[in-house]
Amino acid sequence: MLITFSHKTFSNADLVVDRALELRYIGGIYAGNVKPTPFLCLSLKMLQIQPEKDIIIEFIQQEQSKYARALGAMYLRLTFTSVEIYKYLEPLFNDYRKLRYMNKQGRFELVYMDEFIDNLLREERYCDIQLPRLQKRQALEEVGELEPYRSLLDEDLDALSASDSEDEREKKEKRKGKTAVNIKTTESQQRSLERTRKDTG
């Protein structure tokens with residue numbers, strides 16, 4: 001089946017990837033709610049094509065094209081299970097790249113990738129697309145389907161705390177070593193004094 005997109009046609013996932021790499025901004029409908037952005041068009045066309053799951057995962061792992069990643073994240077949010085959505089989208093909170101977002105007036109605004117991902121997880125409607133209901137993360141944690149969320153900041157703080165603890169242990173060991181040396185030095189000095197007294201006596 002051939003699908004029309006911006007006066008071009010494509011019939012398979014390979015060409016979807018090509019179109020995704022051509023994206024230069026995200027957004028929904030603009031110009032008085034009559035014109036869809038290429039991002040919105042391609043998101044909806046992907047729902048018709050239904051690319052394989054591994055292709056979508058490749059999209060969100062895309063480092064070179066941030067807009068292809070955003071497109072993959074949108075499609076993933078629309079079609080994957082709640083557990084998969086959290087699993088694959090939450091790591092993208094660590095992507096702080098800037099995205100151009102076209103608002104309803106046809107003007108560009110600046111958003112960040114982590115903000116885009118946060119909107120996908122929190123909003124009911126985004127880029128003029130109604131998002132499927134997403135199970136609460138806490139509920140999935142309570143039934144053991146998800147581990148508690150940990151950001152890179154949490155991991156960095158834990159690593160820093162562990163490093164501080166290790167440094168403190170090293171300092172204590174050094175202090176113990178110095179104390180032992182001082183004790184030995186004092187004992188040696190006392191023995192030396194005793195020998196001197198005996199020799200003098």
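Predicted model: local features only at pLDDT ≥ 70, side-chain atom pairs only at ≥ 80, totals over all residues.

Colleague: What makes α1 roughly antiparallel to α2?

Modeller: Angles over 145 degrees count as roughly antiparallel. The crossing here is roughly 170°, so α1 is roughly antiparallel to α2.

Colleague: Which residues of α1 and α2 meet?

Modeller: Val 16, Arg 19 and Ala 20 in α1 meet Leu 42, Met 46 and Ile 49 in α2. By class, the contact has five nonpolar, no polar and one charged. Arg counts as charged, and Arg 19 is among the α1 residues there.

Colleague: On to α4 and α6. Why are they called roughly parallel to each other?

Modeller: The axes of α4 (residues 66–79) and α6 (residues 113–122) cross at roughly 10° and come within 10 Å. The cut-off for roughly parallel is under 35 degrees, so α4 and α6 are described that way. On the α4 side, Lys 66, Arg 69, Ala 70, Ala 73, Met 74 and Arg 77 take part, and they meet Met 113, Phe 116, Ile 117 and Leu 120 in α6. That contact divides into seven nonpolar, no polar and three charged.

Colleague: And the sheet: what makes β3 and β7 edge strands?

Modeller: The open sheet has three strands in the order β3-β6-β7, with mixed pairing. β3 (26–27) and β7 (108–112) each pair on one side only, and they are the edge strands.

Colleague: How do you know that β3 pairs with β6?

Modeller: Pairing takes at least two bridges, and two bridges join β3 to β6 (residues 98–102), with the strands running parallel. Within that pair, Gly 27 stands opposite Met 102 in β6. Helix α4 lies across β3 and β6, at about 65° to β6.

Colleague: Last one, the largest pocket. What is its lining like by class?

Modeller: The lining has seven nonpolar, one polar and nine charged residues. Of its 17 residues, Tyr 86, Leu 121, Arg 122, Leu 134 and Lys 136 lie nearest the centre. Arg and Lys count as charged, while Tyr and Leu count as nonpolar. The space inside is about 440 Å³.

Colleague: Which helix gives the most to that lining?

Modeller: That's α6, with three residues. Both α6 and α7 (137–142) supply at least two residues each.

Key. Residues numbered from 1 in each chain as written. Heavy atoms only, no water. Helix = DSSP H or I, 4+ residues; strand = E, 2+ residues; numbered from the N terminus. Contact = heavy atoms within 4.5 Å. Axes fitted to C-alpha atoms, helices over the stretch in contact; angles between N-to-C directions. Parallel < 35°, antiparallel > 145°, perpendicular 65-115°, else oblique. 1 Å grid on protein atoms, 1.4 Å probe; cavity = no way out; pocket = protein on both sides within 12 Å on 5 of 7 lines; lining within 4 Å. Points joined across faces, edges and corners; volume = space filled by probe spheres on them.
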